[in-house]
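Here is a short report on the pockets and the ligand site of one protein. Have the structure open as you read.

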Amino acid sequence: MTVAPEIHDVSPEKLLAPVLSAFWDEPRSWTLETYLRHEGYEGARKAFAMQPDEVIAYVKDSGLRGRGGAGFPTGMKWQFIPQGDGKPHYLVVNADESEPGTCKDIPLLFANPHSLVEGMLIASYAIRCNHAFIYLRGETVPVLRRLHEAVREAYAAGYLGRNILGSGLDLDITVHAGAGAYICGEETALLDSLEGRRGQPRLRPPFPAVAGLYACPTVVNNVESIASVPAILNRGKEWFRSMGSEKSPGFTLYSLSGHVASPGQYEAPLGITLRQLLGMSGGMRPGHTLKFWTPGGSSTPLLTDEHLDVPLDYEAVGAAGSMLGTKALQCFDETTCVVRAVTRWTEFYAHESCGKCTPCREGTYWLVQLLRDIEAGKGRMADLDKLADIADNINGKSFCALGDGAASPIFSSLQYFRAEYEQHVKGKGCPFDPAASTAWADGPNSAGVTA
Ligand SMILES: NC(=O)c1ccc[n+]([C@@H]2O[C@H](COP(=O)([O-])OP(=O)(O)OC[C@H]3O[C@@H](n4cnc5c(N)ncnc54)[C@H](O)[C@@H]3O)[C@@H](O)[C@H]2O)c1
Ligand SMILES: Cc1cc2nc3c(=O)[nH]c(=O)nc-3n(C[C@H](O)[C@H](O)[C@H](O)COP(=O)(O)O)c2cc1C
Ligand code: SF4
């Protein structure tokens with residue numbers, strides 16, 4: 001168990017005061033009329049009373065970190081946009097959300113799209129942008145319709161268009177539906193796709209803040225990052241900092257899924273633990289216990305029941321050997337075969353590899369072949385070292401972070417569950433699937449196989 005050195009404020013009153021999900025249950029929560037009843041567009045009014053650079057400094061001081069997975073400080077990213085350069089500046093909201101287990105942005109957009117539109121107003125004012133884009137995963141047609149309607153309502157009410165609320169800001173928003181590729185969530189592949197090309201990552205640096213959309217300075221931010229900004233402006237950076245820890249302040253959405261009693265979105269301060277979240281939500285499904293989980297989607301190294309008390313913030317999860325990522329807490333109980341879960345994730349990464357670089361294109365293919373053999377009882381002991389070796393040749397040696405993400409489940413499952421891999425090899429089948437092998441008639445944990 002790892003405990004962060006900082007104090008994490010997860011007091012009950014903080015837990016019971018949701019912000020992003022505050023009125024999701026109200027009928028017609030997505031309309032402008034509902035949003036205006038809940039402090040809607042008040043944050044933008046406060047931002048417009050400040051100078052753009054002051055808004056950037058304010059968001060920077062709040063400590064808000066990007067909610068797309070990497071946790072990069074949002075205000076700092078905005079500050080990187082060069083000013084007085086004579087070029088157009090763009091804001092692009094990353095709504096591609098495709099990481100396995102990650103499912104917070106889509107419900108947020110569905111239930112409360114105006115929080116994003118207002119956040120985009122504030123961000124655009126700060127970085128001097130007149131044309132902003134939302135790149136949405138195209139399969140989510142109901143969300144696409146809600147976004148179009150929210151943008152239409154905002155134009156009609158004067159929250160988009162010319163000289164918004166007398167601020168001097170002119171802003172248009174384009175909602176773009178992507179064709180559905182995981183790699184198009186990687187920010188530079190997203191920009192290529194938005195420009196009409198096949199989505200493949202670009203070399204960084206230059207980062208988008210310097211040369212992004214149409215080679216102009218561009219802020220790319222996750223949906224939740226931008227949707228969190230209005231409340232920060234409206235209620236104050238001190239209020240935001242009163243939650244979470246010094247380096248990971250504020251509230252966020254945690255997505256609980258898998259073998260839990262009540263899967264769903266849980267809003268809480270950064271630094272809450274999985275044990276507390278399970279306590280709030282009804283725990284694992286009755287009669288079962290936690291075996292392993294991901295803190296932030298399948299690209300973050302998996303953790304076990306030893307890590308139930310790790311504060312869910314960037315520092316503490318990192319110190320525990322994983323990453324907070326998208327806070328997609330996929331929980332698996334003792335009935336789950338870890339080899340099977342890792343095989344499915346690896347098949348996903350192999351399928352979604354864009355093919356641009358050799359370590360990821362070839363490596364993910366070979367990982368799948370080895371894992372399928374091991375899962376089917378046709379593997380050899382030497383294959384376990386081969387798995388680790390291939391993962392090592394992908395990790396940190398690929399062109400973009402998809403490769404690193406594909407290596408994470410391999411490393412971490414071998415670290416915590418090597419014995420289970422060995423059971424598959426020695427028993428010539430999956431110990432969780434009695435039909436696959438006669439060697440495991442007594443069940444998965446009674447085979448007596450040692451390393
Ligand atoms: N939300 C999802 O569905 C999903 C899917 C897959 C992966 N992810 C997450 O994506 C993350 C990896 O993304 P990444 O490769 O963009 O991370 P990154 O750390 O390279 O960059 C994060 C952000 O900070 C900016 N940045 C970093 N250094 C900068 C600099 N020096 N100057 C200007 N800007 C800078 C980048 O432009 C980017 O916007 C992983 O942590 C993973 O959790 C999320
Ligand atoms: C393969 C891959 C897929 C990604 N998919 C998403 C995504 O769907 N949504 C997202 O916000 N970030 C995604 N990212 C991270 C983005 O590249 C980028 O870091 C993020 O949009 C920055 O926003 P933030 O600073 O607000 O988190 C992905 C990264 C990789 C490597
Ligand atoms: S790591 Fe994979 S997804 Fe990323 S550029 Fe290389 S082949 Fe494409």
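## Second largest pocket

In this predicted model, α11 is the main contributor to the lining of the second largest pocket, giving four residues. The elements with two or more residues in that lining are α7 (113-127) and α11 (229-235).

The volume of the second largest pocket is about 220 Å³. Its lining holds 16 residues. Closest to the centre are Val19, Tyr35, His38, Glu39 and Ala231. By class, the lining of the second largest pocket has eight nonpolar, five polar and three charged residues.

## Largest pocket

The largest pocket holds about 1,200 Å³ of space. It is lined by 45 residues. Gly68, Gly69, Ala70, Gly185 and Glu186 lie closest to its centre. Two elements, β4 (218-222) and α18 (401-426), each give two or more residues to this lining.

## Ligand 3

Where does ligand 3 sit? The site is the largest cavity. A cavity differs from a pocket in that a 1.4 Å probe fits inside but cannot get out.

Around ligand 3 there are 13 residues. The closest are Cys354, Lys356, Cys357, Cys360 and Cys400. The shell around ligand 3 splits into eight nonpolar residues, four polar and one charged. Cys counts as nonpolar in this scheme, and Lys as charged.

How values were computed
Residues numbered from 1 in each chain as written. Chains lettered and ligands numbered in written order. Predicted model: local features only at pLDDT ≥ 70, side-chain atom pairs only at ≥ 80, totals over all residues. Heavy atoms only, no water. Near = heavy atom within 4 Å. 1 Å grid on protein atoms, 1.4 Å probe; cavity = no way out; pocket = protein on both sides within 12 Å on 5 of 7 lines; lining within 4 Å. Sits in = over half its atoms within 2 Å of the grid points. Points joined across faces, edges and corners; volume = space filled by probe spheres on them.
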